[in-house]
Structures are given as structure tokens and as C-alpha cells.
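Let's take a walk through this protein together. Have a look at the sequence and the 3D view, then read on.

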Amino acid sequence: MTSQADQPAVRQLRLVVEADDYEAALAFYRDVLGLPEQAAFSGGDGARVAILDAGRATLEIANPAQKKMIDEVEVGRQVAPRIRVAFEVDDARETTGRLVEAGATEVAPPVVTPWRSLNARLDAPAGLHITVFQELSPPEERESLEGFGTDG
């Protein structure tokens with residue numbers, strides 16, 4: 001839905017994650033994964049937050065059957081909690097290796113999916129279950145695959 005000025009009603013998706021080990025999580029996502037720091041704030045009692053730029057944001061809504069199917073394709077079993085964070089990267093294999101070296105736990109190595117991306121699963125700092133994915137085909141090729149399209 002758009003506003004009267006034909007602008008999106010929502011300008012930004014911001015995922016807020018509480019990290020018990022703030023310094024480790026910040027170093028992992030900013031320094032290893034490479035999310036640039038946009039801003040950082042601190043307050044009384046040691047309160048700290050960093051806002052990291054993750055590029056374009058989307059909200060992926062999946063029903064339970066789709067979530068199960070994605071887990072089966074990417075991991076071979078159901079593992080994801082209700083929320084999984086996915087990052088598009090240029091090289092899924094290289095990024096997976098860097099993230100594991102920095103302390104993430106590989107849940108499943110990169111695998112080519114039916115939707116033509118190379119996806120890996122990891123358990124990462126701040127308790128996040130993440131996917132790193134690399135698109136292997138342009139959108140117009142993926143859109144022609146069975147099961148692709150838009151609802152509505």
C-alpha cells in the first residue's frame with residue numbers, strides 16, 4: 001500500500017536484536033559480515049546500540065509448510081526458529097567460511113536451492129539463526145521457474 005504521494009508507507013525495516021555479548025555481536029556483524037555502522041548511541045547504565053546498514057530490507061512471510069520446505073532444502077531437517085535472518089552476499093561459500101572462523105556455527109553448508117540461490121545456514125552471535133545466500137540467476141530467470149510468481 002502506498003500513501004497519497006505514491007510513496008511507500010514504510011520507509012525502513014529495522015530488526016532490533018538484544019545481544020548479551022554486545023561487543024562480540026557488533027564485531028561479528030559489522031566487522032566480519034561487513035554491515036556498515038550508520039549510527040551508534042549510548043545512555044546511562046551502560047546502554048549501547050549500533051545501527052548497521054544491511055542494504056535493502058524485505059519481510060518474508062511464510063506459512064508453516066513453506067518454512068518446513070525451506071529447512072528441508074537448505075538443511076535436510078527442520079531447524080529454524082520462528083524468525084530467521086537472511087543476508088544476500090556476493091559469495092556464499094567465502095562468507096560462510098569467514099563467519100565460521102569468526103565464531104558462527106555452521107548448521108548446513110552452502111547448497112543450491114530450487115529457486116537458484118546458493119544458501120548456507122548458521123547459528124550466529126546474539127542468538128540469531130541466519131542464512132547467507134548468493135543469487136545464481138537474475139530475477140527474470142527465477143520468475144520463470146515453477147512455483148514462482150506473486151500472490152494477489
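Two residues are in contact when heavy atoms of theirs lie within 4.5 Å. With that in hand, residues 24 or more positions apart account for 50% of the contacts in the protein chain that have a separation of 6 or more.

A quick word on where this comes from. The model is predicted, so local features need pLDDT of at least 70 and side-chain atom pairs count only at pLDDT 80 or more, while totals for chains, interfaces and linings use all residues. Residues are numbered from 1 along each chain as its sequence is written, and side-chain values use heavy atoms, with hydrogens and water left out.

**The overall picture**

The protein chain has 4 helices and 6 strands. Both kinds of element are DSSP runs numbered from the N terminus: helices (H or I) have at least four residues and strands (E) at least two. The C-alpha trace spans about 55 × 45 × 30 Å along its principal axes.

How much of the protein chain is buried? Of its 152 residues, 28% are buried. Here buried means under 20% relative accessible area, exposed means over 50%, and partly exposed is in between (1.4 Å probe, protein chains only). The protein chain exposes about 10500 Å², and carbon and sulfur atoms supply 50% of that. Such areas come from the Shrake-Rupley method with a 1.4 Å probe; for residues, only the protein chains shown count as cover.

Start with H1, which covers residues 22-32. Its buried residues are Ala25, Leu26, Phe28 and Tyr29. Looking down the axis of H1, you'd find them within an arc of 165°, so they line one face of the helix. (The arc is that of the directions from the helix axis to the C-beta atoms.) These residues pack against strand E1 (37-42), E2, strand E3 (85-88), H3, E5 and E6. Just after H1 comes Gly34, with a positive phi of about 95°.

Now for helix H3 (residues 92-101), where Ala92, Thr95, Thr96 and Leu99 are buried. Seen down the axis of H3, they fall within an arc of 100°, so they line one face of this helix. Their cover includes H1, strand E4 (105-112), E5 and strand E6 (128-135). On the other side of H3, Arg93 and Glu101 are exposed. At the start of H3, a side-chain oxygen of Asp91 reaches to within 3.2 Å of the backbone nitrogen of Arg93. After H3 comes Gly103, whose phi is positive, near 115°.

**Charged pairs**

Side chains of opposite charge can pair when their charged atoms come close. A salt bridge is a side-chain nitrogen of Lys or Arg within 4 Å of a carboxyl oxygen of Asp or Glu. By this rule there are 7 salt bridges, and here are some of them:

| Salt bridge | N to O distance |
|---|---|
| Glu23 and Arg48 | 2.2 Å |
| Arg30 and Asp31 | 2.7 Å |
| Asp71 and Arg121 | 2.7 Å |

The salt bridge between Asp71 and Arg121 runs from helix H2 (residues 64-74) to strand E5 (residues 117-124), so the pair ties together parts that are 50 residues apart in sequence. Are these two residues buried or exposed? Both Asp71 and Arg121 are buried. Salt bridges that share partners join Lys67, Asp71, Glu74 and Arg121 into one network.

Glu74 is found in helix H2 and is buried, with a relative accessible area of 4%. Its side chain makes a polar contact with the side chain of Arg121 at 2.6 Å. (A polar contact is a pair of N or O atoms within 3.5 Å; within protein, one must be able to donate a hydrogen and the other to accept it, and residues adjacent in sequence count only if both atoms are side-chain atoms.) Glu74 also touches other residues beyond four places away in sequence, including Arg84, Ala108 and Trp115.

Back to the other two pairs. Glu23 is partly exposed at 43% relative accessibility, and Arg48 is partly exposed at 45%. Arg30 is partly exposed at 28%, and Asp31 is partly exposed at 48%.
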